[in-house]
Amino acid sequence: MPIVYLGLGSNLGDREANLRRALRRLREGGVQIERCSGVYETEPWGVREQPRFLNAVCRGRTELAPPDLLALAKRIEGELGRAATVRYGPRTIDIDILLYGDLVLDTPDLTIPHPRLAERAFVIIPLAEIAPDVVLPGDGRTARQLLEGLADRAGAFRLGELAVTSHIPGEAMYQVTTLDNHLRVYTVPLPNARSVCVGIYLAVGSRYESEEEHGASHFVEHMLFKGTQRRTARDIATTIERVGGYANASTGREGTSYYTLMTAEHLPLALDLLSDMLLNSRFRPRELERERGVIIEEINRTLDTPEDLVFDLIVQLEWPESPIGRSIAGSHETVSRISRAQLLRFMARHYVPDAAAVVVAGPVEHARVVDEVSRFLGAWAPGEAPSPVPSDPRGPGGQITAEVRGTEQAQMCLSLRGVARRDPDRYAVDVLTAILGDGMGSRLFQEIREKRGLAYSVDASSSHLRDTGSFVIYAGVPPERAEEALGAIIEQLDRMRKRLVSDAELERGKEYTKGRLVLGLETPAANAGWVGSQAAQGLEIITPDEWIAGLEAVTAEDVRRVARRLFDGMTPNLALVGPFDDVERFRPLLRL
């Protein structure tokens with residue numbers, strides 16, 4: 001009986017339709033589907049056999065001159081013996097290899113869009129039938145060697161374990177191993193770094209909380225620094241500092257991270273500390289009550305900081321019925337009444353290795369890191385990773401809220417719904433954001449501040465979550481000129497959707513965004529965060545090179561198209577902090 005490994009990666013568009021076509025072909029051919037452990041289960045599509053499909057996609061990368069690139073792609077296409085899905089790009093070739101074991105599916109009608117690689121070659125190769133001796137770019141192994149390695153561990157591979165993904169030609173950006181308890185261990189080799197970042201990234205944040213649990217993610221994060229079975233809060237604070245290191249944590253809407261920075265020889269100490277905090281924190285009642293007061297003061301600081309408060313207000317307007325719209329720290333009421341038992345139940349439900357990734361970035365060896373993580377976290381009991389509540393659809397917009405304060409400067413935020421983290425338009429939205437309001441060369445800065453003198457600070461930002469996003473414009477303006485500033489901002493939004501940006505603006509937007517990314521990835525901590533934030537969410541890792549390629553592919557027409565997607569038929573929401581008793585005067589100005 002043939003064993004079928006059907007690779008259906010996250011790039012394959014309508015996975016449900018593709019899967020149904022593939023299953024129909026298998027059944028028509030009289031093939032029995034062998035069950036094997038893998039990444040995806042077909043139960044959501046109502047398949048009676050409920051087989052598990054192995055996602056056996058191997059990714060290779062190499063830098064080639066255009067003639068060599070074309071020759072390699074043509075060679076592969078020729079060895080297929082039939083039409084292949086090939087797109088040629090100026091610099092690189094990406095090869096996705098779908099391994100089908102003993103059976104090769106003929107797949108001409110499977111839709112395989114690959115938007116972020118629009119400028120690169122893209123080849124689908126059923127290796128079990130053809131080209132067993134083709135050397136994989138960026139890998140060095142032949143297809144035959146890859147298949148032989150797979151046969152020894154059939155059903156045990158995840159995408160990352162076969163991945164060869166590089167941000168430097170010929171070098172892997174990361175390696176990954178999945179432990180028996182489903183914990184994924186990533187290393188990001190930075191041989192020239194002098195320090196190491198050890199991070200534990202979890203798919204839990206304020207978006208995962210019920211109304212009664214509002215603030216629980218942030219509260220748990222605080223409590224993990226307040227003592228374990230064998231360490232006091234002071235011990236936790238001094239363990240890393242004693243060797244010249246640094247430890248911290250952060251909570252967001254979709255993720256929580258705990259990380260340390262230190263020299264490489266202290267890697268076991270870092271893992272010992274983080275694992276102890278993660279698995280053995282005691283939540284002592286006295287410490288919990290003390291920390292409750294600390295968190296309430298943290299909330300008070302936000303309420304007393306107008307430029308922070310206005311962002312909390314605009315998020316509430318954009319997602320009024322969703323946990324996304326609630327503040328990450330919680331409220332006075334929820335933090336005051338949440339109990340120790342609630343926090344422990346919340347942690348037990350969400351702090352599972354299935355929802356976590358350990359990332360170590362720096363001058364480290366993958367095998368040694370895996371051994372150390374196994375020693376400290378191998379006994380962490382697995383559990384099903386909870387999913388967040390889906391985002392609610394956007395209302396008609398045009399909602400206005402104001403926190404009346406007697407301030408000398410008014411804070412203003414406008415919001416529109418943005419795009420999700422893996423939306424193909426994400427790159428164009430990022431370029432649009434840079435052109436419109438990121439940096440001193442942006443349109444908003446030049447028009448609102450430099451030309452009209454209406455604001456000291458003005459900027460645009462976009463955020464991308466799992467299934468939604470936001471597009472926000474902020475300005476700090478004189479209260480008496482708030483209407484004029486709002487009108488000028490709306491003019492710039494309207495201009496973005498009506499006219500193509502210039503070549504110079506497009507180039508500046510791309511280079512500015514790329515530069516911020518590259519400069520931000522100079523440290524081990526930034527590299528660990530890049531991988532960890534994606535891995536914890538169960539996403540395929542997009543490397544910096546792939547992200548930059550997505551930016552490079554953006555055209556002026558793309559920028560105008562996404563501006564129309566975000567702005568057409570939409571009315572921005574508006575949040576204000578300042579001396580505004582009457583906000584209705586702003587409503588006519590919000591029309592786009």
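Which residues do ring pairs link into a cluster? Ring pairs, in which the ring centres of Phe, Tyr or Trp (its six-membered ring) lie within 6.5 Å, link Phe-225, Tyr-258 and Tyr-351 into a cluster, and by this rule the count comes to 7 aromatic pairs. The model is a predicted one, in which local features need pLDDT of at least 70 and side-chain atom pairs count only at pLDDT 80 or more, while totals for chains, interfaces and linings use all residues. Residues are numbered from 1 along each chain as its sequence is written, and side-chain values use heavy atoms, with hydrogens and water left out.

Strands of a sheet pair through backbone hydrogen bonds, either parallel or antiparallel. Helices (H or I, at least four residues) and strands (E, at least two) are taken as DSSP runs numbered from the N terminus, and two strands pair if DSSP finds at least two bridges between them. Strand β7 (residues 184-189) pairs with β6 in the antiparallel sense over 4 bridges, and Thr-178 has Arg-184 in β7 as its bridge partner.

The axes of α12 and helix α7 (residues 267-280) come within 9 Å and cross at roughly 35°. The contact includes Leu-271 and Leu-278 of α7 together with Val-369 and Phe-376 of α12.

A further open sheet, of 5 strands and again with mixed pairing, has the order β12-β16-β13-β15-β14. Here β12 (400-404) and β14 (457-464) stand at the edges, each with a single partner strand, so one side of each is left without a neighbour in the sheet. Neighbouring strands of this sheet are turned by 15° against each other on average, direction ignored. Strands β14 and β15 (residues 469-477) pair in the antiparallel sense over 8 bridges, with Ser-461 standing opposite Val-472 in β15. Helix α13 (residues 426-437) lies across β14 and β15, running at about 175° to β14.

Technical notes: Rings of Phe, Tyr and Trp (its six-membered ring) pair if their centres lie within 6.5 Å; planes under 30 degrees apart count as stacked, over 60 as edge-to-face and the rest as tilted. Axes are lines fitted to C-alpha atoms, for helices over the stretch in contact, and angles run from 0 to 180 degrees between N-to-C directions. Contact means heavy atoms within 4.5 Å.
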